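The following report describes a single chain, residue by residue and then as a whole. The sequence and the structure are shown first.

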Amino acid sequence: MCYRELQCIEYSCGHKEPFTESKVDCNSSRCRYSAQHVRGCLACSSTCSQMSVGQCSIQFEELN
Ligand SMILES: [Zn+2]
Ligand SMILES: [Zn+2]
């Protein structure tokens, strides 16, 4: 299933804030958001995976 990968900044106070995201493609024809998905797919919401939102998977620390 495709997902959105978030990159976050973690501040010294512990506060985290997403600053960019990118889509990761699973290359499955049974996934609605994949480039391999069939155009005009019928009953897509019941047969195909839908997008999931990722957690902050990559973190950067702000150094001041
Ligand atoms: Zn996918
Ligand atoms: Zn579909």
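Met 1 is found in the segment before strand β1; helices (H or I, at least four residues) and strands (E, at least two) are DSSP runs, numbered from the N terminus. The model is predicted, so local features need a pLDDT of at least 70 and side-chain atom pairs count only at pLDDT 80 or more, whereas totals for chains, interfaces and linings use all residues. Residues are numbered from 1 along each chain as its sequence is written, and chains are lettered from A and ligands numbered from 1 in the order in which they are written.

With 15 C-beta neighbours inside 10 Å, Met 1 counts as partly exposed. On this scale a residue is buried if 20 or more other C-beta atoms lie within 10 Å of its own, exposed if 12 or fewer, and partly exposed in between, with C-beta atoms placed from the backbone. When residues up to four places away in sequence are not counted, Met 1 touches Cys 26, Cys 31, Ser 49 and Ser 52; a contact requires the C-beta atoms, placed from the backbone, to lie within 7 Å. Ser 34 is 33 residues from Met 1 in sequence, and their C-alpha atoms are 8.0 Å apart in space.

**Confidence**

The pLDDT, which is the predictor's confidence in each residue from 0 to 100, averages 85 over the chain, and 92% of the residues score at least 70. Confidence is highest in helix α1 (residues 44–47), at 92, and lowest in strand β3 (residues 52–61), at a mean of 71.

**Strands and hairpin**

The chain has one helix and three strands, and they follow the pattern β-β-α-β along the sequence. Strands β1 and β2 run antiparallel and are joined by eight bridges; two strands are taken to pair if DSSP finds at least two bridges between them. Within this pairing, Tyr 3 stands opposite Val 24 in β2, and Cys 8 has Pro 18 in β2 as its bridge partner. How many of the nine residues of β2 are buried? The number is zero, so β2 lies largely in the open.

Strands β1 and β2 form a hairpin with five residues between them. Gly 14 lies in the loop between β1 (3–10) and β2 (16–24), and this turn residue has a positive phi of about 100 degrees. Gly 14 is exposed, with 6 other C-beta atoms within 10 Å. In sequence, Gly 14 and Glu 61 are 47 residues apart, while their C-alpha atoms are 9.4 Å apart in space.

Most residues other than glycine have a negative phi.

**Strand β3**

Val 53 lies in strand β3. With 9 C-beta neighbours inside 10 Å, Val 53 counts as exposed. Leaving aside neighbours within four places in sequence, Val 53 is in contact with Tyr 3 and Arg 4. Gln 36 is 17 residues from Val 53 along the chain, and 20 Å separate their C-alpha atoms.

**Overall dimensions**

What does the C-alpha trace of the chain span along its principal axes? The spans are about 50 × 15 × 10 Å. The radius of gyration of the chain is 16 Å, whereas a compact globule of 64 residues would have a value near 11 Å; the radius is taken over C-alpha atoms, and the globule rule is 2.2 Å times the number of residues to the power 0.38. Of the 64 residues of the chain, 2% count as buried. Among contacts between residues at least 6 apart in sequence, 42% join residues at least 24 apart.

Note on methods:
Two residues are in contact if their C-beta atoms, placed from the backbone, lie within 7 Å.
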